Amino acid sequence: MDLAEARAALHSARRVAVLTGAGVSAESGIPTFRDAQTGHWARFRPEDLASPPAYARDPEMVWEWYAGRYRDVLTAQPNDAHHLLARLEREKGADFFLATQNVDGLHERAGSGQGGGRMVELHGNLLSARDEVTGEVFLLPEPDVLVTPPVSPLGNRMRPNIVWFGEFLPEDALEAAADAFAAAEVALVIGTSGAVYPAAGLAGETLRWGGVVIEINPDDTELSHQMTYCVRDVASRGLAALLE
């Protein structure tokens with residue numbers, strides 16, 4: 001399959017599923033989880049900042065880390081890749097599905113999940129927190145008034161609304177994603193290394209049922225050998241090439 005064939009397949013497909021990773025938000029200046037560990041945080045292992053044991057041991061420190069990331073994502077803006085995916089959703093309607101591994105909320109700010117299709121955040125969202133007693137999710141206040149650890153409107157301490165090391169992805173979101181990728185005529189895998197499961201297995205669902213999978217990534221990934229077609233470019237330019 002060449003680029004023209006990939007473009008034609010995406011154009012004609014009614015059912016489209018998309019998986020996005022850190023490469024999509026990189027163009028908005030959002031560092032990856034590990035790249036964000038600079039300065040004071042460089043001495044910590046990821047498990048020291050994003051795991052249930054770390055939070056149980058020192059919730060104040062964990063919240064200090066997440067409050068900094070929260071401030072950073074609020075200053076970032078959706079880039080062309082986010083906007084192009086929102087446009088693609090408007091074109092495809094109810095049979096469009098977007099699953100993102102990103103936690104920065106930029107897809108929603110660009111309009112994803114509001115154009116007739118569906119979006120799920122597999123790893124949570126930095127802009128919200130979860131009541132530790134009830135499990136209810138609430139948006140965080142603005143950074144200048146955020147007190148950590150935050151307290152829910154119900155009076156309970158809240159934890160970051162993020163899937164940590166050692167935790168399972170939200171079952172309903174993962175099941176919806178698996179169903180959408182199995183049903184997809186075309187799936188796009190954009191800006192993800194393909195190293196983190198179970199999200200990395202979604203493309204296999206599309207291939208298993210005879211669909212086309214197109215990867216957009218400037219580098220080879222652990223999934224590249226499975227792909228029907230690979231666009232070797234950053235997310236915004238790769239998507240523009242497919243959608244032109």
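Student: What volume does the second largest cavity have?
Tutor: About 30 Å³. A cavity here is a set of points on a 1 Å grid over the protein atoms alone where a 1.4 Å probe fits but cannot get out. Grid points are joined across faces, edges and corners, and the volume is the space filled by probe spheres set on the points. This is a predicted model: local features need pLDDT of at least 70, side-chain atom pairs count only at pLDDT 80 or more, and totals for chains, interfaces and linings use all residues. Residues are numbered from 1 along each chain as its sequence is written, and side-chain values use heavy atoms, with hydrogens and water left out.

Student: How many cavities of 30 Å³ or more does the structure hold?
Tutor: Two.

Student: Which residues line the second largest cavity?
Tutor: Trp63, Tyr66, Asn125, Leu126, Ser128, Leu140, Pro160 and Asn161. Lining residues have an atom within 4 Å of a point.

Student: Which element gives the largest share of that lining?
Tutor: S4, with three residues. Helix H5 (59–75), strand S4 (124–131) and strand S6 (158–162) each supply at least two. Helices (H or I, at least four residues) and strands (E, at least two) are DSSP runs, numbered from the N terminus.

Student: How does the lining divide into nonpolar, polar and charged?
Tutor: Five nonpolar, three polar, no charged. Ala, Val, Leu, Ile, Met, Phe, Trp, Tyr, Cys and Pro count as nonpolar; Asp, Glu, Lys and Arg count as charged; the others, Gly among them, count as polar.

Student: Switching to salt bridges. How many does the count come to?
Tutor: Ten. The rule is a side-chain nitrogen of Lys or Arg within 4 Å of a carboxyl oxygen of Asp or Glu.

Student: What does Arg14 meet in a salt bridge?
Tutor: Asp95, at 2.7 Å, N to O. The pair links distant parts of the chain, 81 residues apart. Arg14 is in the loop between helix H1 (3–12) and strand S1 (16–20), and Asp95 is in the loop between helix H6 (80–92) and strand S2 (96–100).

Student: What about Arg159?
Tutor: Arg159 bridges to Glu167 at 2.7 Å, N to O. Arg159 is buried at 10% relative accessible area, whereas Glu167 is partly exposed at 28%.

Student: Which residues are linked in a network?
Tutor: Glu215, Asp220 and Arg232, through salt bridges.

Student: Now H1. Which of its residues are buried?
Tutor: Ala6, Ala9 and Leu10.

Student: What covers the buried residues of H1?
Tutor: The cover includes S1, H6, strand S7 (186–190), strand S8 (212–216), strand S9 (229–231) and helix H10 (235–243). Contact means heavy atoms within 4.5 Å.

Student: And where does Ala4 lie?
Tutor: In helix H1. Ala4 is partly exposed, at 46% relative accessibility. Its C-alpha atom is 8.2 Å from that of Leu242, 238 residues apart along the chain.

Key
Buried means under 20% relative accessible area, exposed over 50%, partly exposed in between (1.4 Å probe, protein chains only). On a 1 Å grid over the protein atoms alone, a cavity is a set of points where a 1.4 Å probe fits but cannot get out, and a pocket is an open set with protein on both sides within 12 Å along at least five of seven lines; lining residues have an atom within 4 Å of a point.
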